[in-house]
Amino acid sequence: MMSYEFMQKSFIMGILIALIVPTIGYFLVLRRQSIIGDTLSHVALSGAAFGMITHIYPVYTATIFSIIAALGIEGLRRKYENYAELSLSIVLSVGVGLASIFISLGNTQGILSYLFGSLALITSKDIIMVVILGILTFMTIMIFYKDLFYITFDEESAYLAGIPVRFVNLIFSILVALTVAISMRIVGVLLISSLMVLPVATSLLITKSFKSGLIYSNIFGIVSVMVGLVLSFYLDLSPGGTIVLTSLSILLLVLLIENIKNNQKINKKDQ
Amino acid sequence: MKKKIVVGKNIEFSYGNNKVLDDVSFHIDEGDFVGIIGPNGSAKSTLLKLMLGLLKPDQGTIELFGERLDKFTDFQKIGYISQNVRDFNQMFPATVEEIIGINISPRKGMFKGLKTEKKVKVEKALKIVGMDKFSKDKIGNLSGGQKQRVFIARALVNNPKVLFMDEPLVGVDQDSQRSFYKLMDVLNKEHGISLVMISHDIGVISKKVNKIFCLSNGKVYCHDSGKCDCSNMLKDIYTDNMSILLHHHDSGQGDG
């Protein structure tokens, strides 16, 4: 399997994505903003379609569209402070609307690979883009880790501790947009938010601390991506689907183990 | 003369067309224990947020420790327990130590744990609130009263001069409330920390504090002594249908 060049590329991209997507997802889930992934991925799809019809590298256009959308969400969120989810619905509608128009304009035959991800179509350009943006995203998360932790826990107290909350939120929004854009090639836009949420959901079942929760999310993400890629190769299925279903299987397995453990504890108490 | 911790002059604040604070002035002195009371929607939390700079007044000025709020940067002097922490997600994955430690060095260091001197600070803060045995526990596994103590410890970890609390006793049982007021007494009298808290329980808080801000119809009525016979004022605020428990204090001066 690893003798194929496209599989080597897939694994390089996969590991990076498995480190970044659940990391971003961890903060999103804890801030109760996990739907942002879905919203931005729909906008990224319209960006990719725009790239295809204008003959610009689709990942570039998807990145730009996602960043604009992320900034738009932040702006609208301030306008609709008490209906924060409204900003997501508005931007999602715009994304789907634009995507359908661009796709109907033609010359977008490869769009399916952006919907569900594809291993065979990964180019060296994709790899370079993912490596650069991936390292940039990961480094930024590391630098702002404590600020993000504080804002995630309590935004008002974070402000009073001297954290530039608006600036950090803005940086984080851009990171989410970048993450969506770089993951769409391998996971597919429709499944990015699943990879943002499922490893985190699994991690929350077993973690006791914030830091270990983040590490568990990454471990579950890496396992999901690795197993998913292998399954995709041998079963000739779309990688996005196999990655997400692997992630779901891990969640169900951990849920089962946790239930058994809890039952054992209850039985011990009863005795 | 006592130092002024917070001074508000001619404050006005509106939500859209609804003016919730109208030409309000007040001050909080060093060593004060201030209770903020008033019916629902009387802008208690708004007033607290204005004092902290979380909201900006439409008119008027607020000074913290003698500095205008927009110039104020010495956030270490302030401890704050918001309503948000009370309603926070029970599944939030963080230990007591992490929650308190984040307040010491929110902007320093990357993905690494607390250094020894910071750990000592965390332990000290936990000891003050009697929670030193729980530093490795997950915050979501603690009871309401225990969580509240952890949040107080988080606010205390930087040795603040003043502690602002937005309804810290909601959802806390009677025993925990008693120990909360004991702790407040220690912080106020022994550690010299000024306290400002919002409460709905007028009967209890009026016995504990030395100054009360009563909010009603956009106004703040401040008083801090037995000189203030506030039965009529409280009836205005809470209407005649409410049973008013009057409160008097031995010393201090009325403010308005």
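Select helix H1 (residues 5-30) of chain A together with helix H6 (residues 124-143) of chain A, which pack at an angle of about 25° with their axes 10 Å apart; here helices (H or I, at least four residues) and strands (E, at least two) are DSSP runs, numbered from the N terminus. Axes are lines fitted to C-alpha atoms, for helices over the stretch in contact, and angles run from 0 to 180 degrees between N-to-C directions. That angle makes H1(A) roughly parallel to H6(A), given that angles under 35 degrees count as roughly parallel, over 145 as roughly antiparallel, 65 to 115 as roughly perpendicular and the rest as oblique. H1(A) passes H6(A) in a left-handed crossing, a term used if the near helix is turned anticlockwise from the far one by less than a right angle, with right-handed meaning clockwise.

Before going on, note that this is a predicted model, in which local features need pLDDT of at least 70 and side-chain atom pairs count only at pLDDT 80 or more, while totals for chains, interfaces and linings use all residues. Residues are numbered from 1 along each chain as its sequence is written, and chains are lettered from A and ligands numbered from 1 in the order in which they are written.

Now show the side chains between these two helices: residues of H1(A) including Ile12(A), Leu16(A) and Ile20(A) meet residues of H6(A), among them Ile127(A), Val131(A) and Phe138(A), where contact means that C-beta atoms, placed from the backbone, lie within 7 Å. By class, the contact of H1(A) with H6(A) has ten nonpolar, three polar and two charged residues; Ala, Val, Leu, Ile, Met, Phe, Trp, Tyr, Cys and Pro count as nonpolar, Asp, Glu, Lys and Arg as charged, and the others, Gly among them, as polar.

Next, select helix H2 (residues 35-54) and helix H3 (residues 58-79) of chain A, whose axes come within 7 Å and cross at roughly 140°. This makes H2(A) oblique to H3(A), and their crossing is right-handed. The residues of this contact divide into 15 nonpolar, six polar and no charged.

Move on to helix H7 (residues 145-153) and helix H9 (residues 165-183) of chain A, where the axes come within 10 Å and cross at roughly 105°, which makes H7(A) roughly perpendicular to H9(A). Asp147(A), Leu148(A) and Ile151(A) in H7(A) meet Val165(A), Val168(A), Asn169(A) and Phe172(A) in H9(A).

Then pick out helix H11 (residues 210-235) of chain A, which has 26 residues and reaches 37 Å from its first C-alpha to its last. Just after H11(A), Asp236(A) takes a positive phi of about 55°.

Zoom out to the whole of chain A, whose secondary structure comes to twelve helices and zero strands. Its C-alpha atoms fill a box of roughly 70 × 50 × 30 Å, taken along the principal axes.

Finally, bring chain B into view: 24 residues of chain B are in contact with 24 residues of chain A. On the side of chain B that touches chain A, strand E6 (78-81), helix H2 (83-86) and helix H3 (96-101) of chain B each supply at least two residues, and by class that side has 15 nonpolar, six polar and three charged residues.

Terms used: The expected span of a helix is 1.5 Å times one less than its number of residues.
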